[in-house]
Amino acid sequence: MSKTAKTLTPKLVKKLWLAFILLVLLMGISYISITSYLANMHNEETTQRLNADVAKHVIDEKFTNASPFLEDGSVNKPLFGDLMHDMMAVNRGIEVYLLDQKGSILYSVVLDPNDKDATKSVSLAPINSFIADDGKNFILGDDPRDAEQQKIFSAAPYAIDGHNGFVYIVLAGKKFQEVSSTLLGQYVAKLGLGSFILTMFFTVLIGLIAIWFLTKNLRLITGTVRRFSDGDLSARIENPDDSDISIFANSFNEMADTIVDNMDKMQSVDLLRRELIANVSHDLRTPLAILKGYIETLQMKRDTLSEEEKQEYLQITHSNVDKLSKLINQLFEYSKLEAEQVVPVKEPFSITELSHDLIAKFKVIAQQKQIELQLDNPQQNSMVFADVSLVERALQNLIENAIKYTEPKGKVTLSLQKIGKNIEINITDTGTGIPVNEQPFIFDRYKQVDESAKKQGSGLGLAIVKKIMELHDTTITVLSKPKEGSSFIFNLPAYQQV
């Protein structure tokens with residue numbers, strides 16, 4: 001099966017079809033059952049309404065000329081035999097019962113004394129209700145031949161020769177029930193077959209239209225998801241809020257955007273990783289080549305070299321070992337920061353004292369390059385709440401970077417200023433400056449700006465500073481103009497002594 005076919009006939013559509021067919025069958029069975037029940041009730045109510053006065057007519061016409069009781073008080077059975085013969089000639093479903101005033105059955109031609117299901121009395125409540133309403137309401141009474149059945153009836157009271165009771169006529173007797181059940185079964189069969197054929201026809205027609213309409217948005221979403229999974233990363237569900245399943249549509253669009261963003265980030269990270277490896281490999285190769293060259297020279301010419309030359313070669317070797325050590329330390333430090341393995345331990349400390357120590361530390365290096373290094377506003381003691389070792393590392397990188405790019409007779413200034421609830425730290429130099437188009441990228445890993453006159457360094461110093469600022473929930477800003485110098489500015493929360 002093709003992908004298109006799978007898209008157009010998903011399992012959900014098949015389940016909808018199955019549920020729809022089962023629902024229609026259930027409704028059909030319910031409809032036939034309810035229709036049959038109501039039809040039977042209607043037939044019984046009609047029969048009872050038409051024959052409501054039958055019991056009264058029996059009393060008026062039959063008991064006027066002949067008493068239903070003999071002189072000894074027993075029931076006049078021949079009279080009831082003639083009565084049943086006459087009535088059954090008209091309706092074989094009728095059963096006549098003579099009751100006393102308590103509802104006990106005195107006599108009936110159809111009642112078999114050996115019938116185990118037969119009862120000896122009937123409830124008077126339905127009879128009294130029937131008589132009170134003159135037979136206008138539909139009422140079911142007891143079936144003397146089956147205690148668990150309720151039948152339509154006609155009833156009327158009598159008072160003859162000191163005897164009181166009721167004539168109770170079941171209008172739907174056993175014969176009527178047998179014929180009615182047969183006809184009802186045939187009716188249900190015909191109705192069921194016709195309804196089934198008609199229902200299935202309209203089910204197929206309506207089902208096709210309904211399922212096509214209900215799954216329209218689902219098919220569109222499924223097609224979009226399949227296009228996305230096949231590589232079309234721009235595939236999105238149009239107008240998701242107008243969809244019948246807008247939550248799913250919006251969730252898919254958000255998920256697709258997230259996946260694409262993550263893929264872009266992964267590609268960017270991979271590109272930066274390769275650039276980093278390439279650049280670090282270059283910086284590692286240079287001092288290693290120098291080390292190898294000078295060590296080989298010392299080995300081959302150790303007997304011909306003067307002591308001064310040996311000391312010079314050893315100094316160069318030592319300098320390159322320091323550069324390698326520094327590069328490896330920076331790589332290790334940056335990898336820990338990027339992997340979020342460094343947790344800042346924040347505490348109050350004097351940023352002024354730390355600045356004095358760093359100025360003293362870099363004073364000799366600055367003097368060697370004939371650069372003036374100073375601390376601005378040293379009289380005020382500024383306290384901050386931060387990780388002292390991380391802040392020290394950031395300031396070292398910034399001061400070292402400023403000295404590196406400042407020409408002789410230039411100036412590097414570290415200034416501290418309280419602004420609101422923060423202490424602003426500003427490292428300003430009078431160096432070569434940074435081109436405007438390069439400024440947004442100087443904090444990227446291994447980004448160096450002046451490629452034509454590249455300084456020695458790993459390119460990780462400013463990237464480490466940026467990571468340290470992120471750990472302190474702050475940012476670092478650069479202000480620079482070519483040939484006019486640069487300023488690196490960041491803020492740390494001032495420590496409020498209680």
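1. Start with helices α10 (residues 351-368) and α11 (residues 388-404): they pack at an angle of about 35 degrees, with their axes 11 Å apart. Axes here are lines fitted to C-alpha atoms, for helices over the stretch in contact, and angles run from 0 to 180 degrees between N-to-C directions. α10 passes α11 in a right-handed crossing. (A crossing is right-handed if the near helix is turned clockwise from the far one by less than a right angle, left-handed if anticlockwise.) On the α10 side the contact is made by Ile351, Leu354, Leu358, Lys361, Phe362, Ile365 and Ala366; on the α11 side, by Val388, Val391, Glu392, Leu395, Gln396, Ile399, Glu400 and Ile403. Contact means heavy atoms within 4.5 Å.

2. A word on what you are looking at: this is a predicted model, where local features need pLDDT of at least 70 and side-chain atom pairs count only at pLDDT 80 or more, while totals for chains, interfaces and linings use all residues. Residues are numbered from 1 along each chain as its sequence is written, and side-chain values use heavy atoms, with hydrogens and water left out.

3. Now the overall picture. The chain has 12 helices and 12 strands, taken as DSSP runs (H or I of at least four residues for helices, E of at least two for strands) and numbered from the N terminus. Of its 498 residues, 37% count as buried, that is, under 20% relative accessible area with a 1.4 Å probe and protein chains only; exposed is over 50%, and partly exposed is in between. Among contacts with a separation of 6 or more, 65% come from residues 24 or more positions apart.

4. Back to α11, which has another partner. The axes of α11 and α12 come within 9 Å and cross at roughly 150 degrees, and this crossing is left-handed. Here α11 brings Leu390, Arg393, Ala394, Asn397, Leu398 and Asn401, and they meet Gly461, Leu462, Ile464, Val465, Ile468, Met469 and Leu471 of α12.

5. Have a look at Val391, which sits in α11. Is Val391 buried or exposed? Its relative accessibility is 0%, so Val391 counts as buried. Leaving aside neighbours within four places in sequence, Val391 is in contact with Phe349, Ile351, Leu354, Ala386, His472 and Leu492.

6. Next, α9 (residues 307-338). This helix has 32 residues and reaches 46 Å from its first C-alpha to its last, close to the 46 Å expected at 1.5 Å a residue; the expected span is 1.5 Å times one less than the number of residues. Its buried residues include Tyr313, Asn320, Leu324, Leu327 and Tyr334. An α-helix has 3.6 residues a turn, so residues three or four places apart point the same way. Just after α9, Glu340 takes a positive phi of about 60 degrees.

7. Thr317 is another residue of α9, and it counts as buried because its relative accessibility is 13%. Its side chain reaches the backbone oxygen of Tyr313 at 2.8 Å. Beyond residues up to four places away in sequence, Thr317 touches Leu291, Tyr294 and Ile295.

8. How many aromatic pairs are there? Rings of Phe, Tyr and Trp (its six-membered ring) pair if their centres lie within 6.5 Å; planes under 30 degrees apart count as stacked, over 60 as edge-to-face and the rest as tilted. By this rule the count comes to 7. In one of them, the ring centres of Tyr97 and Tyr168 are 6.4 Å apart and the planes are at 50 degrees, so the pair is tilted. It links distant parts of the chain, with Tyr97 in strand β1 (residues 95-100) and Tyr168 in strand β5 (residues 163-170), 71 residues apart. Tyr97 and Tyr168 are both buried. Together with Phe130 and Phe153, they form one aromatic cluster.

9. Asp134 has a phi near 55 degrees, a positive value in a residue other than glycine. Asp134 is in the loop between α5 (124-132) and β3 (140-143), and it counts as exposed because its relative accessible area is 54%. Gln370 has a phi near 60 degrees, again positive in a residue other than glycine, and lies in the loop between α10 and β7 (372-376).

Methods. A polar contact is a pair of N or O atoms within 3.5 Å; within protein, one must be able to donate a hydrogen and the other to accept it, and residues adjacent in sequence count only if both atoms are side-chain atoms.
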